[in-house]
Amino acid sequence: MKKIAVITSTRAELGLLFPVITELRKYENKELIIDLVVTGTHLSKDYGYTIEEIKKLSLRIDKEIIIPVESNDIIDISRNQASTLIKFTELFIENKYKGIVILGDRYEILAIAIVAGNTHTPIFHLCGGDTTEGAIDEWIRHAITKMSYIHFPTNQDSYRRILQMGESPKRVFNFGSTSIDNILNNANMSKCDALASLNMENCKYAICTYHPVTMGNEMIDETIYNFLDAIKKFPDIEFIITKSNADQGGARINQLLDEATNSIDNIHVFTSLGMIRYLSLMKYSEFVLGNSSSGIIEAPVFKVPTVNIGERQKGRLQSESTINCKADCESIETAIKLAISDGFKHRCKNVVSPYGDGHSAEKIANKIIEIVDMNKIDLKKKFYNMEI
């Protein structure tokens, strides 16, 4: 029997992997099993215990691997990675996977990629080649690319970067972003139903997420106070905020957001909204605010403006619906005013996403199955030299 593992450690990554898991499991039979391995913040009460969201999506969960997720300082991150190395080595030795499907740029995913290398397990990597200069995700993502056997970038720019890193075009497939698949298939709650599920009435609102800028010099407290001060300038708009991830500084951001709910009437803070509700709320929002990749990749499909704060997403391929601004209060306020203006909203109606046509998951799954069935994977990769 052959086994392939799909590994998810955070809520953001789950949304992108969901259609791939669904498509891969269409190929399951007595000779092929697709394991869903759940780990990281999915199993943490502090980050919403989002394994419950996976269950609501009716996805079969095959393995639950508990790893530490504390992120108060640098040594926490290293301890988390060390634990991840040991636990996933045991998992891979026991199951002898023919390949693993991982996504992106998380520090725990880097540790899992190292385990794959140590156990000679092929990596099928999604979302390589992107650039996010303001986060450690940048070098982690590129490191995982070099460890991976098959690559599924989300756009043509990222495709070219992977080739530039010496990966053969025979192993790089630009099928677009699975987030587009999700948008077309899962943003199916009405505005009123989505708001009612949060105990909110019909209103004008924005969707917000702010993550730590892990490669910058931003002072977390100052940045979040600026973010919140800008929000106060727009009392007629409700701000639905999802909490930060488990990067270093994320816990402090979440603490400040919780404290702000006692003094700012128009903010509503949630640990997680779940994929379907999150996308449905984005669909009807006035704009997306913060520094999450979802504002850059997903919001343009809905023709919704994005106010992208600071440098966390610097370098990522963007649509014309994205407004970039600095992290001070005045810059954020000015950007929001532009986002809600009639002229800019009209401009967003004509935006075309560079991230695919909504059929990427089926193409990714088909290619993975094809490669595993051929049984000709050779992990001794030759460096692909580009002509200069």
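1. Let's start with I240. Setting aside neighbours within four places in sequence, I240 is in contact (heavy atoms within 4.5 Å) with L195, L198, M200, Y205, A206, I207, C208, H268, F270, L273 and L281. Keep in mind that this is a predicted model, where local features need pLDDT of at least 70, side-chain atom pairs count only at pLDDT 80 or more, and totals for chains, interfaces and linings use all residues. Residues are numbered from 1 along each chain as its sequence is written, and side-chain values use heavy atoms, with hydrogens and water left out.

2. I240 also shows up in the largest nonpolar core, which has 56 residues. Such a core is a set of buried Ala, Val, Leu, Ile, Met, Phe, Trp, Tyr and Cys residues joined through side-chain atoms within 4.5 Å. I240 is among those with the most contacts inside it, along with L24, V101, L126, F152, L281 and I368. A second, separate core has 34 residues, including F234, A260, I267 and C348.

3. Now look at E286, in the loop between helix 11 (275–284) and strand 10 (288–290). Helices (H or I, at least four residues) and strands (E, at least two) are DSSP runs, numbered from the N terminus. E286 counts as buried because its relative accessibility is 14%; buried means under 20% relative accessible area, exposed over 50%, partly exposed in between (1.4 Å probe, protein chains only).

4. What does E286 touch? Beyond neighbours within four places in sequence, E286 contacts K204, Y205, V304, P305 and K345.

5. Helix 7 (residues 178–186) is mostly covered, with seven of its nine residues buried. Those buried residues pack against helix 1 (11–24), strand 5 (123–126), helix 11, helix 12 (294–297) and helix 15 (360–374).
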